[in-house]
Amino acid sequence: MNKTLSIALLFFMTLTVLTIADGYDIVDAARSQIGKTLSYDPRYVALDYPAGDIPIESGVCTDVIIRALRKSRNIDLQKLVHEDMEAHFEKYPQIWGLKRADKNIDHRRAPNLQTYFKRSNFNLPTPRNHLTYQPGDIITCTIPHTYLTS
């Protein structure tokens, strides 16, 4: 089962919708990973910075988004999220017990991406009708922490 190819990041409670106009290039960039990203691997990995990435053969759902935006729009979420977290660490979820931003992992965590998208005014109200989603929309969802610990 290839969990990394899920563009919708774990459908559960908190939703954030990011819309980028004319997103077919983003869709194509995400689809280009099919057959390449073959295993789900959430391990912590030391990355180059900026534009660091884990090997294409593995990753998590956020890695698909990170690669697709980097390839299609030259948007480096690693750099953008890291810089914002360094400047405003207290605005980000404090669920991992970290004391400061970490360029190796922060952009790979869905709650951090949700926060970054909201802080950057990229989020939209969550539509009630899924038919209103457009190519290039990024839907993030997280499982409440209580589900992860039970």
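Begin by selecting Asp41, which counts as buried at 16% relative accessibility (buried means under 20% relative accessible area, exposed over 50%, and partly exposed in between, with a 1.4 Å probe and protein chains only). The model is predicted, so local features need pLDDT of at least 70 and side-chain atom pairs count only at pLDDT 80 or more, whereas totals for chains, interfaces and linings use all residues. Residues are numbered from 1 along each chain as its sequence is written, and side-chain values use heavy atoms, with hydrogens and water left out.

**Stop 1: Asp41 and Arg43**

Arg43 forms a salt bridge with Asp41, and the closest N and O atoms are 2.6 Å apart (a salt bridge is a side-chain nitrogen of Lys or Arg within 4 Å of a carboxyl oxygen of Asp or Glu).

**Stop 2: Asp53 and Arg67**

Select Asp53 and Arg67. These residues form a salt bridge whose closest N and O atoms are 2.9 Å apart. Asp53 lies in the loop between strand E2 (39-40) and strand E3 (58-59) and Arg67 in helix H2, so the pair ties together parts that are 14 residues apart in sequence. Helices (H or I, at least four residues) and strands (E, at least two) are DSSP runs, numbered from the N terminus. Asp53 is partly exposed at 33% relative accessibility, whereas Arg67 is buried, with a relative accessible area of 8%.

**Stop 3: Asp25 and Arg73**

Move to Asp25 and Arg73, where the salt bridge has its closest N and O atoms 2.7 Å apart. This pair links distant parts of the chain: Asp25 belongs to helix H1 (residues 24-31) and Arg73 to helix H2 (residues 61-73), 48 residues apart. Asp25 is partly exposed, with a relative accessible area of 28%, and Arg73 is partly exposed, also with a value of 28%.

**Stop 4: Val45**

Return to the loop between E2 and E3, and select Val45 there. Val45 counts as partly exposed, at 29% relative accessibility. Which residues is Val45 in contact with, leaving aside its neighbours within four places in sequence? They are Ile54 and Asn104 (contact means heavy atoms within 4.5 Å). Val45 and Asn104 are 59 residues apart in sequence, yet their C-alpha atoms are 6.5 Å apart in space.

**Stop 5: helices H3 and H4**

Display H3 (77-87) and H4 (110-119). The axes of H3 and H4 come within 10 Å and cross at roughly 80 degrees; axes are lines fitted to C-alpha atoms, for helices over the stretch in contact, and angles run from 0 to 180 degrees between N-to-C directions. H3 and H4 are therefore roughly perpendicular to each other (angles of 65 to 115 degrees count as roughly perpendicular, under 35 as roughly parallel, over 145 as roughly antiparallel and the rest as oblique). On the H3 side, the contact is made by Leu77, Leu80, Val81, Asp84 and Met85. On the H4 side, the contributors are Asn112, Leu113, Tyr116, Phe117 and Arg119.

H4 is mostly covered, with 8 of its 10 residues buried. Among these buried residues are Ala110, Pro111, Gln114 and Thr115. Just after H4, Asn121 takes a positive phi of about 60 degrees.

**Stop 6**

Thr140 is buried, with a relative accessible area of 0%. The C-alpha atoms of Thr140 and Leu113 are separated by 8.1 Å, although these residues are 27 residues apart along the chain.

**Stop 7: a nonpolar surface patch**

Select Ile95, Trp96 and Leu98, which make a nonpolar surface patch of about 230 Å². Patches are made of residues with over 30% relative accessible area and no salt bridge; like charges are joined within 9 Å, and nonpolar side chains (Val, Leu, Ile, Met, Phe, Trp, Tyr) within 5 Å. Accessible areas come from the Shrake-Rupley method with a 1.4 Å probe, and for residues only the protein chains shown count as cover. Leu98 is placed in the loop between helix H3 and helix H4 and is partly exposed, at 32% relative accessible area.

**Stop 8: the whole chain**

Finally, select the complete chain, whose secondary structure comes to 5 helices and 5 strands. Read along the sequence, the pattern is β-α-β-β-α-α-α-β-β-α. Of the 150 residues of the chain, 41% count as buried. The chain exposes about 8,700 Å², and carbon and sulfur atoms supply 57% of that area. Among contacts in the chain with a separation of 6 or more, residues 24 or more positions apart account for 70%.
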